[in-house]
Every structure is written in structure tokens, then in C-alpha cells.
Amino acid sequence: MSKKILKLLVVHTYMAMLTVPILFMIVWYFMTATFNSYTGSFSLDNFAFMFGPIESMGIKLPAIWPIVLNTLVYSFTIVMIEVLISVPAAYAFSRLDFKGKRNAMKFLFIMRSFPGVTLIIATFFILVKMNLVDTYLGIILVAITGSLPGHVYIMKGFFDEVPWDLEWAAMTDGCSRFRAFRKVILPAVKPGIGAIAIFSFLGAYGEWFLFKLLIFSDTRLIIGGYIAKLITEENVIVDYGLISALGLFYTLPVILFYIFSQKIFMKVNIGGSKGV
Amino acid sequence: MFILPFALLTLTFFILPAIATVWMSFTDLDVKMKPNFIGLENYIRIFQDYSLGEILQNTIVYAVASLGFVLLLSLIIAISTQYFMKGKTVATGYRVLWLIPSLFPSVVFAIFWKYIFDPTENGFLNKIGMHLGAVDEPVSWITRYAMPIVILGTVVGSVSSNVILLSSSINSIPEDLYKAARVDGAGEKSIILKIILPTLRWPLMYITITTLIGFVSSYFFIMLLTDGGPMHDSTTLALYSYQQAFQLKYYGYGAAISMFVVVIALALTLVLLRLFDFDALVQPSRIEE
Amino acid sequence: MNKKVVSAMCAILAVSMLGMTACGQDGDSTVDSKNQDGKKEITITVRKNEWGGRAYAFEEAAVRLNDELEANGENVTVTIDFWPAIDDDELVLQGQAGNIADVTLNSSVDIGWEYDAGLIQPIDWVADSEVFQGASESIMNIMYYDGHYMGVIQDMDASPVFISRKALEGLGWSAEEIDGLREKVDNGEFIMSDLMETAQQAMEQGLADIGFAVEDTRFEGWTMSAGYNNYNLEENKLVVNEKAKDVYKFWEKGVEMGVIKESIGEVDTDTAAPMMINQEIFATFARSEFYRILADNMEMKITDQEFQDWFDENIVWTPVPASEKGGQPSSYSNPAMLFVGSSVDEEKMPYVQRYLELMLSPDIQVNHTVNSGKLPVTPAAMEEVVETLPFYADHYYMTEFTKVRPAHPDYAVLIEAYTLGVDAILTKGQTADEAYDLYVKDAKQNVPSDRIIFE
């Protein structure tokens with residue numbers, strides 16, 4: 001037993017050592033956000049953005065709460081669409097035989113090798129042609145296309161983990177393929193759906209570049225774009241205090257979201273493995 | 001049927017723009033937005049660019065070094081928290097802490113590093129260094145060690161999404177497997193090597209390829225931290241492409257450089273797919289309708 | 001996942017998508033129409049830049065325009081539709097999508113490419129506009145490009161060097177010597193090398209940690225000081241010649257003497273201001289605006305007597321000294337310009353013109369100066385500043401020899417090349433000759449050959 005404790009101690013020690021700088025980082029952000037650098041005194045001035053539009057060094061930021069609402073609507077829409085599209089696609093890649101499947105899968109990887117910024121100008125013109133520029137629909141479609149390949153891959157991994165026998169058994173019991181998919185496979189890949197939901201949420205929540213280029217009005221920004229407004233044209237970042245405050249405001253809900261979802265994650269998984 | 005929506009989206013918002021971008025790279029597109037076809041001129045210019053060698057080298061150093069550290073750190077953290085400390089609150093704690101840097105938007109993340117390596121006495125490292133007497137006067141860290149600093153920041157910021165992926169894979173390993181192995185007298189080392197790592201093969205392949213490609217094609221964090229400087233010391237190919245296209249407004253030339261980035265990423269992908277024996281991973285389906 | 005959940009999700013999805021598309025439909029209603037009183041309504045779209053006193057200027061000018069129209073008995077009301085200010089890339093792209101604002105604000109350096117991109121139109125009424133009666137030739141020239149007036153200058157600045165008065169006192173300079181410094185710089189008696197030596201002495205005696213600091217990475221002030229002119233106005237081409245080597249020699253010498261540190265590009269004015277206040281920097285090469293940044297850092301306004309007194313006791317300023325004895329000192333500026341979009345037709349133009357002219361009302365300009373630290377641009381506005389802001393009144397004469405960055409579309413490319421040379425000296429210990437060679441090489445490669453002259 002003592003050997004086990006020793007081992008845990010070793011693990012904890014190096015984990016702690018690795019993690020201390022991160023802790024320091026977080027503390028620093030809190031300090032920067034709440035201390036006035038000139039007088040060195042505590043103040044919550046940097047959080048004024050929570051109570052109405054503010055202006056910092058010539059950059060005007062609109063009221064934040066409508067932006068938060070936009071962010072939530074946008075992110076959850078993305079999550080839903082992505083799950084609805086990537087789950088069946090991943091299932092097909094994992095289970096069905098079709099012509100060119102192997103190439104299609106390689107193609108998924110190849111898609112990732114195009115940096116998003118490369119395509120943005122062309123994408124812009126396509127949206128203009130489709131009359132979708134400056135609409136949420138347009139930006140959502142573009143954003144989803146960018147992140148789908150990755151999520152299809154993750155999802156496929158989860159489908160591959162589900163033993164064939166499970167599906168086979170359901171189908172010999174008289175289930176149709178679709179029914180087998182819904183009743184047997186889907187519950188088994190729930191953690192996977194959870195994972196891609198989290199990833200697409202995080203990806204959508206932090207989006208700013210697409211908003212900068214594809215959405216023309218400030219009131220339809222989401223929070224990532226709101227923060228990115230604080231970079232000037234010369235790529236100089238202004239007002240560290242305000243950025244830190246915004247950064248904390250932005251990050252805290254996601255951390256809570258993660259802790260919350262992690263618990264579900266674990267439960268689902270343990271339940272799942274018992275079933276197997 | 002299952003992949004129709006996926007295929008449609010891909011066609012409209014990936015294949016079409018990709019073709020258009022390839023075409024752009026053969027034009028002199030600039031702010032006038034009146035592109036003229038100029039053949040291979042842009043590509044010839046890339047290969048004649050005197051800074052190309054240095055920029056390519058930076059790209060490789062940046063991508064490979066970052067990838068190495070990211071893989072190492074993600075594995076350590078994932079195995080520690082999901083195997084050694086499985087189910088403990090403290091494990092979640094570590095993972096959440098590591099998650100935070102990757103959650104900060106680049107803008108927010110970059111200012112931390114700017115503070116640490118600030119060239120004046122107010123910078124953290126300079127303050128510590130001068131207090132300890134290690135340096136006599138403030139050191140301009142970012143000008144001297146641009147690339148290592150960029151790599152450090154990138155690594156810290158990209159570890160955690162990989163940790164999530166690896167952890168969930170480790171988590172799917174049934175406890176019984178460990179128990180059986182321990183009964184057989186296996187030590188921790190062989191459990192990690194024989195049970196955990198093989199399970200992680202698919203996620204590791206995924207991480208390696210996506211992270212590497214991500215690094216080859218990323219530019220934003222570098223732009224905020226050093227803007228590729230001093231001189232071209234921390235300029236990667238993707239950043240160079242962005243600078244040419246957006247900062248200097250030569251969209252055609254920028255597109256040509258980014259096609260070059262794509263070719264590199266593509267080559268890397270194919271090599272890695274072969275290395276990981278991709279074809280063996282695509283299992284044939286055994287169920288017939 | 002059961003059926004209900006799926007259908008619920010689909011329903012939410014459909015609703016939110018509909019909502020979003022609906023959201024996307026508003027805006028863009030710039031068509032003239034009549035309102036209830038039967039008055040003709042004209043909408044001017046404005047990209048609203050909020051910096052300094054600009055937000056107030058954009059709004060107040062609209063109010064005054066309507067008052068004026070009413071007073072003149074014209075049957076027209078003007079509504080201003082404010083759009084958010086955006087970066088250059090978005091200006092280009094939105095222009096392609098047909099989304100061009102009637103009024104935008106950008107730097108004078110942007111004239112060239114914005115004109116190339118078809119975003120702005122020439123406005124030659126500027127020449128006869130009453131607001132610019134009596135304006136100096138240099139100010140009129142700033143607005144002039146390729147044979148036309150391209151915009152209305154909104155604010156400008158000069159580039160004084162802010163020198164630590166306490167450091168000079170520490171070196172044993174008498175009050176008369178310090179107060180007489182500017183005159184000696186003006187007539188070319190005290191030149192750049194003298195300033196460098198003084199900085200070096202101050203550092204040796206521990207009166208400052210850093211010799212020179214400079215605004216951002218814009219080193220234009222020093223470029224001009226060494227007599228290198230990188231632009232040929234007649235041909236509208238950029239120029240590279242041996243004179244640039246003198247600029248690099250200055251950098252080389254500065255590094256050698258220790259007055260320029262390799263981190264100089266990272267110490268921008270926001271970092272330099274508190275260090276200047278703590279007397280860590282001997283001299284900051286900044287622009288008029290630095291006065292306001294200093295005040296900000298002390299949590300005061302530039303109109304506060306307390307700040308002005310502090311400034312007089314701690315800082316002394318001069319133009320950028322000449323490089324040779326008897327030479328002219330120099331100064332450079334980054335003026336802001338109000339541009340008229342290519343979307344404005346002849347019918348709308350008179351209202352846009354009046355709107356822009358009203359933005360230059362003296363009191364609106366002064367309000368901007370107080371909030372931004374920039375110089376006003378018309379003689380009438382300058383007169384209002386004289387009493388309340390002596391610093392601005394005192395250095396206004398610099399605008400007579402102040403130069404601006406050329407509005408050439410490839411200027412940004414040239415500066416990139418030039419900065420490479422500076423970086424080579426600063427961080428790689430290269431010589432001025434090597435830096436110059438690099439500059440030439442990079443400019444040759446990246447600036448289209450029909451837009452640059454190598455002499």
C-alpha cells in the first residue's frame with residue numbers, strides 16, 4: 001500500500017509542478033483585471049462593460065448582454081446542426097461500405113490542411129453570390145463546414161469502438177438498420193456525441209475571425225468578436241486591464257460548462273461500459 | 001443519405017472556395033479586385049524570395065517542436081489524471097486548470113506572455129532576474145528568443161483539447177483490463193505501454209495530424225506576440241501568407257503562398273497517414289443490408 | 001435519443017434560423033424618402049470612429065446640419081446612419097459586397113489604396129471650402145493626391161521630442177540653457193548627434209536607464225531627420241536612394257553609443273509614458289498626442305493646470321533635431337482623413353460636404369484636441385486653443401515643416417523592407433551598409449517595379 005501512496009505522491013508532485021505556472025497565469029489575469037496599474041489600488045472599473053456600452057482608447061464596445069445572447073444562440077445552433085450532420089456522416093464512414101470511402105476519409109484530413117484564412121476571400125464572394133453575406137445563416141454554414149471534418153473523425157472513432165456484435169445482435173432480433181442505430185448504437189456513442197458537442201460549442205463560442213469579415217454590424221457580434229475589437233489595425237493590443245476582465249468574463253462560464261459536462265461524461269461512460 | 005448534408009456543405013463552402021483560391025493564386029488580385037491571369041508568376045516569385053529558406057525553416061521548427069511538446073505534455077497529463085488519479089476530484093481540477101489557457105481567446109492569452117517577457121523592468125522575468133541578480137539590466141526577451149517564446153505559448157495553449165480527447169479514450173478502457181494485467185504481475189510501466197498506449201493509437205494519430213497541420217497553418221497567435229519579428233525570426237509560412245495578403249493587400253500573391261502551405265500540409269498528412277498505417281484503421285464493414 | 005427530442009431540436013433550429021435570416025434583412029435602407037412633414041429625407045451613412053472627440057464630432061455635426069437646413073428654410077432633413085468602424089480588409093471586402101459608407105475615417109496614408117480599390121471619390125470642393133481659408137500649404141497638400149483633393153483632414157499632429165528636463169538639470173544645465181534648447185534646435189545649432197551625446201551622458205550618470213524611446217515601430221521621424229525622402233510626389237513613386245544609408249548610420253551609432261536598445265520597437269508610447277514620468281527614459285520621440293498620454297497616466301486632463309505645471313517642470317520639448325549643423329529640424333504627422341465614399345451621388349454631395357465642414361467647426365475640433373491630444377487643423381480652431389492649451393499653441397509652428405507618410409498604396413510594403421534593415425542593426429549587430437543592402441533587396445523584391453525608383 002505504501003508503494004501506491006508513494007507513486008501517487010510522485011504523480012501529484014510533477015502534476016503540481018506542471019500546473020503551478022497555470023495557476024500563476026490565472027492569478028495574474030485576476031490581478032490585472034482588478035488592480036489599477038497606476039495607483040496600484042483595487043478597483044472593479046474594468047468590469048464596467050457589464051453595465052452598459054463602454055469606450056476604451058477610441059474603441060467603442062456595445063452593451064455586452066445582447067452580445068451574450070447572440071453568442072448563446074449562435075453556439076447552440078452550431079452544436080445542434082453539427083451533431084445532426086456529423087453523427088450520421090460518421091456512422092456512414094464507420095459502418096457502411098460505399099464507393100470511394102477510403103478516399104473520402106483521406107479527403108477529410110486533406111480538408112483540414114487548408115488554413116481557414118486561405119479560403120476566406122473566396123468564401124466571401126460565394127456568400128455574396130448566395131446573398132448570405134452579413135447573415136447568421138451564412139456564417140453558421142461556413143463555420144460548420146470548417147469544423148465538421150474534425151468532428152466526423154472523432155465521432156467515427158467512437159462508432160468504431162462499438163462492437164459489431166451489438167448491432168448484429170439487434171438486427172438479428174428483427175430490428176431494422178435504422179432502429180438498431182437508434183436503440184443500440186446511439187446510446188453506446190453518447191460520450192462521443194457529448195465530446196463533439198463540447199468541441200463544437202467551444203469552437204463556436206470563440207469564433208471571431210468569421211464575424212469580423214462576414215458580419216457587418218456591431219450589434220450582431222458574438223463575444224469572441226467583441227474582444228477582438230480591442231486589437232488595433234496595427235495588431236497592437238490595447239488596455240490589458242480591460243482585456244483581462246473581458247477574458248475572465250468570457251472564460252468563467254465555459255469552465256463551469258466544462259466541469260458540469262465532465263460529470264455527465266463520466267457517468268455516461270461508466271454506464272456504457274457496464275452494458276458492454 | 002447519411003452523408004448528404006455533409007457532402008453538400010463541403011461542396012459549397014470548401015470545394016468551391018478551394019478551387020477559387022487556386023485560381024486566385026494565378027492572378028495579380030489586389031485591392032482593385034480586378035484580377036488578371038498572370039500564370040505562374042506568383043509561384044516563381046515565391047521560389048525566388050530570398051527569405052523563403054529562413055521562413056520554411058521557421059515553419060518546420062515551430063510546427064515540429066510545438067507538436068513534440070504538446071504530445072508529451074498531453075500524454076503525461078492524460079495518463080496521470082485519467083489513470084493514476086482516475087475518478088478523483090483533484091484530477092478534474094488539474095484538467096480544468098489546464099483547460100483555462102486554451103479557453104482564453106488569443107488576444108487575452110497573448111497579453112500574459114507579453115507581460116512575462118516584457119523588455120522593461122516591469123516584465124515578470126526581468127523583475128525576477130534583476131532581483132536575483134541574474135541579469136544587470138532588463139533583457140529584451142522577445143527580440144532575443146522570439147521563436148522559443150512563441151513555441152512555449154503555443155504549447156501551453158494547445159495541450160488541453162488533446163488531453164480531453166486522450167482522457168476520454170483512456171476512460172473507455174474497462175477497469176477489468178487493468179485488474180487482469182495486475183493479477184498477471186504487470187507493472188505500471190507495462191500497463192501504460194501495453195494497454196493504454198495501444199488504445200490511444202487512433203486519437204494519437206488524429207492529434208498528431210490535426211495539431212501538426214494546425215501549427216503549419218496557424219499564424220494569429222504569432223502575429224499578436226511577435227508579428228514574425230525581429231526580422232523574419234519568427235515568421236512562419238502561414239503568417240507570411242497572411243502578411244502578404246492582408247497586411248500588404250496582395251491577395252493573389254498571398255493566395256499563392258497559402259497554396260504552398262497547403263501543399264506542405266498535404267504532404268505531411270499523407271506521410272503521417274502512411275506512418276500510422278491509416279488503411280488498416282479503416283475497418284471494412286461486416287454487416288450487409 | 002428519442003423522437004421527441006429530435007423533433008424539438010429541429011423545431012428550435014428552424015425557428016432560430018428564421019429569426020437570424022430575418023435579422024440579416026435590416027439595414028441598407030438608404031433610399032431617400034419623405035417623412036411625415038413632407039420633408040425630403042436624406043440619409044448619410046457614416047462609419048463611426050469613436051476615438052478622442054470623434055464620436056461627439058460625428059453626432060454634433062449632424063445636429064448642426066439640420067439646424068442650419070431648417071434655418072435656411074430648406075425642405076430637407078438629414079439622418080445619419082452610423083455603421084461600425086472596421087479594418088482595411090473588411091473595407092475592401094464590404095466594398096465588393098456593395099456596402100460602402102458615405103463617410104469613413106482613416107489615415108492620410110490610406111488614400112492611395114482606398115482610391116485604387118474604388119472605395120472613395122475625389123472631392124475637389126475642398127480647395128474652395130471656407131473652412132480651409134488661410135490654411136497652410138502643408139495642410140492642403142496632405143489632402144491632395146494624384147491630382148485631386150481626396151478627403152477632408154480631421155486632425156493632425158507634429159512630432160516633438162519629449163526630453164527629461166530633470167535629466168538635463170542633473171547634467172548641470174542651467175534653466176536658461178534648457179529653455180533655450182528649442183531655439184538652438186530650430187536654427188540647427190543643436191543637432192541629432194548632440195542629443196545622442198547628451199543622452200549618453202545622462203545614462204552614464206544614472207539620470208536615465210533608456211536613452212531614446214520612439215512611438216510604436218514607426219521610425220519616420222528619424223528617417224526624415226536624416227534627409228531621406230522616400231517618395232517622389234510628381235511621379236507618385238516610392239524612392240530608395242543612398243540617403244537611406246544615413247538613416248541606418250544613425251541607428252548604428254545609436255546602438256553603439258547605447259542610447260538605442262534592441263527593445264526600442266517594443267516600448268511603445270503607452271509603455272514609455274509611465275517610464276517618462278518616472279524619469280527612466282531620457283527622450284521619447286513621439287507626437288503631439290504623447291502629451292495627452294502622459295496626462296492619462298497621471299489620471300489628469302491636459303486642460304488641468306496641475307498637469308501643465310508638472311509638464312513644464314519635468315519635460316522640455318524640441319522638434320526632431322537636424323542631422324547636420326545649420327540644417328532644418330524635422331517633424332512628421334499621421335493625420336486622420338474623412339473620406340467620401342464612391343457611393344455618394346451628386347445630389348447627396350452638397351449635404352455630405354456641409355456635414356464634413358461642420359465637423360471642422362472650431363469648438364468641435366478643440367473638443368477633439370482636449371480628448372485626443374491631437375492638433376486642430378484649421379486656423380480658426382487653432383485660435384481657440386492658444387489660451388487654454390499653451391503646449392499646442394507653442395508647437396503649432398511645427399506643422400509648417402511637418403511631413404506626412406506618403407499616400408502611395410505600396411508605402412506599407414516599403415516600410416516593411418525599411419524596418420527589416422532597422423531590425424538587422426538592432427538585433428543582429430549588422431552594419432548600416434548591410435542594413436541598407438537588405439532594404440534595397442527587400443524593396444526590389446516586394447514593391448512592384450513600376451512603382452518605385454532606385455537611385
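This is a predicted model: local features need pLDDT of at least 70, side-chain atom pairs count only at pLDDT 80 or more; totals for chains, interfaces and linings use all residues.
Chain A comes to eleven helices and two strands in its secondary structure. Read along the sequence, the pattern of chain A is α-β-β-α-α-α-α-α-α-α-α-α-α. So much for the order of elements. Chain A has 276 residues, and 43% of them count as buried. If we take the contacts in chain A between residues at least 6 apart in sequence, 71% join residues at least 24 apart.

Next, what chain A touches. In the contact with chain B, 73 residues of chain A meet 68 residues of chain B. On the chain B side, helix 1, residues 4-24, gives the most, with 13 residues. That side of chain B, sorted by class, has 50 nonpolar, 14 polar and four charged residues.

While we are on chain B, please find helix 9, residues 175-183. Is this helix buried or in the open? It lies largely in the open, because of its nine residues the number buried is zero. Just after helix 9 of chain B comes Gly185(B), which takes a positive phi of about 85 degrees.

Now chain C. This chain has 20 helices and 17 strands. Its C-alpha atoms fill a box of roughly 75 × 60 × 55 Å, taken along the principal axes. Of its 455 residues, 49% count as buried. For contacts in chain C with a separation of 6 or more, residues 24 or more positions apart account for 75%.

Domain 1 takes residues 33-157 + 334-404, and domain 2 takes 161-332 + 408-454. The centres of these two domains of chain C, taken over C-alpha atoms, are 30 Å apart. Where they meet, 21 residues of domain 1 of chain C are in contact with 21 residues of domain 2 of chain C. On the domain 1 side, the elements that each supply at least two residues are helix 4, helix 16 (362-372), helix 18 (390-395) and strand 16 (402-404) of chain C. By class, the residues on that side of domain 1 divide into ten nonpolar, six polar and five charged.

Chain C also touches chain B. That contact takes 22 residues from chain C and 17 residues from chain B. Several helices of chain C each supply at least two residues to its side, among them helix 3 (88-96), helix 4 (111-116) and helix 12 (269-277). Helix 19 of chain C gives the most to that side, with seven residues. The classes on the chain C side are ten nonpolar, five polar and seven charged.

Strand 10 and strand 11 (residues 237-240) of chain C pair in the antiparallel sense over two bridges. In strand 11 of chain C, Lys237(C) is the bridge partner of Asn232(C).

Now one residue in more detail: Thr284(C), which is found in strand 12, residues 281-285, of chain C. Why does Thr284(C) count as buried? Because 26 other C-beta atoms lie within 10 Å, and the cut-off for buried is 20 or more. Leaving out residues up to four places away in sequence, Thr284(C) touches Phe162(C), Ala213(C), Ala272(C), Met276(C) and Phe290(C).

Ala283(C) has contacts of its own. Setting aside its neighbours within four places in sequence, these include Phe162(C), Ile163(C), Leu195(C) and Phe212(C).

That brings me to the last item, the largest nonpolar core. This core has 300 residues, and those with the most contacts inside it are Leu214(A), Ile227(A), Phe212(C), Phe282(C), Ala283(C) and Tyr439(C). Which helix gives the most to this core? Helix 5 of chain A, residues 136-161, with 14 residues.

Notes: Residues are numbered from 1 along each chain as its sequence is written. Chains are lettered from A and ligands numbered from 1 in the order in which they are written. A nonpolar core is a set of buried Ala, Val, Leu, Ile, Met, Phe, Trp, Tyr and Cys residues joined through C-beta atoms within 7 Å. A residue is buried if 20 or more other C-beta atoms lie within 10 Å of its own, exposed if 12 or fewer, and partly exposed in between; C-beta atoms are placed from the backbone. Helices (H or I, at least four residues) and strands (E, at least two) are DSSP runs, numbered from the N terminus. Two residues are in contact if their C-beta atoms, placed from the backbone, lie within 7 Å. Ala, Val, Leu, Ile, Met, Phe, Trp, Tyr, Cys and Pro count as nonpolar, Asp, Glu, Lys and Arg as charged, and the others, Gly among them, as polar. Domain bounds come from an automatic or database domain assignment. Two strands pair if DSSP finds at least two bridges between them.
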